[in-house]
Every structure is written in structure tokens, then in C-alpha cells.
Amino acid sequence: MHSQENFDGYTVAYDGEDLYFPVCVVLFTGAAFLAWAFLKSNPYLLIPGAAALGYAYHNYPLLESGRPRLGAGQYGMFVEGLGIIAWRAIDDIKMVPVPARGVDEREMCISLSKPLDGALIADWRRRPITRLMMRLPWSMRHDCIHISLDLFDRPPAEIHHNFTRLWHYFRA
């Protein structure tokens, strides 16, 4: 269990069906703007083309639908781009609603009983240079790791329930 690719246990991936279309449309639009800018020698079209391609690059992990992004096993909780958090270092796991664009999105908030560097069994925060600006499934706010659950291939309540159940089981 030294890398993200060979993690065993309960895993969750992005739900690719709902996410392919917007990212692919933005990618195609950006490529069309850049092609048009070069064909017509119009430098003003480079800005929206580059912005669209940057957005598509940032959201590229949403297209990798089969790859695990979250997981749990006997040693702890796996979060892509973060590492494996030891079960004993987790103080609480709760699901909180976050209002966004008129809809409540659900986030899993993982509070730690010790600083992040001491809580990680395996630290995977160093990423290849080609993936530095790509989307991560987690963010750190107010001493809590926040993970938006609405993008994954399972319902948010099921994900939260399974992680909480595994946390109680392995911590005992």
C-alpha cells in the first residue's frame, strides 16, 4: 500500500456520466477558440481559448471515472492527493450541508485529533508537475478536511455512513 493505485478496501470514484459532457464541451470550445485565433491572427481570441483549456485541464480528473479518489481500509482513510489518514488520528466524521448556487451540496468534514503531518501514515501531497493544477477532492478549512460528496459515484449519505462505520470498526 505504497501508492494510490494499489489501495485495497472500500473505494469511491468520480461519477463520470454526469461530468463528461461539460468538461468535453469546454475543452472543444477552448480548442476551437485557439484554432480560430491562429487562423484569423486574432490575439484577442487567445484569452478565452486559453481560459477554457485551463478550466478543462483543471477538471480533467473528473473524466477519469474508474480511478479511486477516496477509500478506507484497515490502516486508515485514503484521500487522493493527500494520503492515508490513520483511523486513530480522526476525531470526528460528519456530513455538513454547504449552500451553493441555491442548492445544498453535501461535504464530509473530517476533524483530526492531531496536526495533519502527524495524522498521515502515507503522505501523497507531492504530485507530478503535470498534475499540480488539477482538481483535488479535498480542501483544508478550519482544521478540518472537507470533501465534496456530490461528485462521486455513490450517494453522499451512503459514503458518509460507510466511512463512519469503518472508522468506528477500525478504531475500536
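Q: Where is D143 found in this predicted model?
A: D143 sits in the loop between strand 8 and strand 9.

Q: Why is D143 called exposed?
A: The relative accessibility of D143 is 68%. Exposed means over 50%. So D143 counts as exposed.

Q: What is phi of D143, and what makes the value one to note?
A: Phi of D143 is near 55 degrees. That is a positive value in a residue other than glycine.

Q: Which loop holds H142, and what is phi there?
A: H142 lies in the loop between strand 8 and strand 9.

Q: Why is H142 called exposed?
A: The relative accessible area of H142 is 76%. The label needs over 50%. H142 is therefore exposed.

Q: How do you know that C109 and C144 form a disulfide?
A: The S to S distance for C109 and C144 is 1.9 Å. A disulfide is a pair of cysteine sulfur atoms within 2.5 Å. So the pair C109 and C144 counts as a disulfide.

Q: How many disulfides does this rule give?
A: The count comes to one disulfide.

Q: What is the handedness of the link of C109 and C144?
A: The link is right-handed, with 135 degrees about the S-S bond.

Q: What does the pair C109 and C144 tie together?
A: C109 lies in strand 6 and C144 lies in strand 9. The pair therefore ties together parts that are 35 residues apart in sequence.

Q: Are C109 and C144 buried or exposed?
A: Both C109 and C144 are buried. That label means under 20% relative accessible area.

Q: Why is C24 called partly exposed?
A: C24 has 38% relative accessibility. Buried means under 20% and exposed means over 50%, with partly exposed in between. So C24 counts as partly exposed.

Q: What makes N59 buried?
A: N59 has a relative accessible area of 1%. The cut-off is under 20%. N59 is therefore buried.

Q: Where is N59, and which residues does N59 touch?
A: N59 is in the loop between helix 2 (46–58) and strand 2 (68–72). Leaving out residues up to four places away in sequence, N59 touches V23 and R135.

Q: Why is L53 called partly exposed?
A: L53 is found in helix 2. The relative accessible area of L53 is 26%. Partly exposed runs between the buried limit of 20% and the exposed limit of 50%. So L53 is partly exposed.

Q: Which residues is L53 in contact with?
A: Neighbours within four places in sequence aside, L53 is in contact with L27, G30, A31 and L34.

Q: What separates L53 from D123?
A: The two are 70 residues apart along the chain. Their C-alpha atoms are separated by 30 Å.

Q: Why does W36 count as partly exposed?
A: W36 has its place in helix 1. W36 has 46% relative accessibility. Exposed needs over 50%, and buried needs under 20%. So W36 counts as partly exposed.

Q: Which residues does W36 touch, and what separates W36 from C109?
A: W36 touches S41 and L45, not counting residues up to four places away in sequence. The C-alpha atoms of W36 and C109 are separated by 44 Å. Along the chain, W36 and C109 are 73 residues apart.

Q: What is the volume of the largest pocket, and which residues are closest to its centre?
A: The largest pocket has a volume of about 500 Å³. Of the 23 lining residues, E105, R135, S148, D150 and L151 are the closest to the centre.

Q: Which elements give two or more residues to the lining of the largest pocket?
A: They are helix 1 (16–40), strand 5 (90–100), strand 6 (103–112), strand 8 (138–141) and strand 9 (144–148).

Q: What classes make up the lining of the largest pocket?
A: There are ten nonpolar, three polar and ten charged residues.

Q: How many helices and strands are in the protein chain?
A: The protein chain has four helices and nine strands. From the N terminus on, the elements run β-α-α-β-β-β-β-β-α-β-β-β-α.

Q: What share of the protein chain is buried?
A: Buried residues make up 41% of the 172 residues.

Definitions and conventions: Residues are numbered from 1 along each chain as its sequence is written. This is a predicted model: local features need pLDDT of at least 70, side-chain atom pairs count only at pLDDT 80 or more; totals for chains, interfaces and linings use all residues. Side-chain values use heavy atoms; hydrogens and water are left out. On a 1 Å grid over the protein atoms alone, a cavity is a set of points where a 1.4 Å probe fits but cannot get out, and a pocket is an open set with protein on both sides within 12 Å along at least five of seven lines; lining residues have an atom within 4 Å of a point. Grid points are joined across faces, edges and corners, and a volume is the space filled by probe spheres set on the points. Ala, Val, Leu, Ile, Met, Phe, Trp, Tyr, Cys and Pro count as nonpolar, Asp, Glu, Lys and Arg as charged, and the others, Gly among them, as polar. Buried means under 20% relative accessible area, exposed over 50%, partly exposed in between (1.4 Å probe, protein chains only). Contact means heavy atoms within 4.5 Å.
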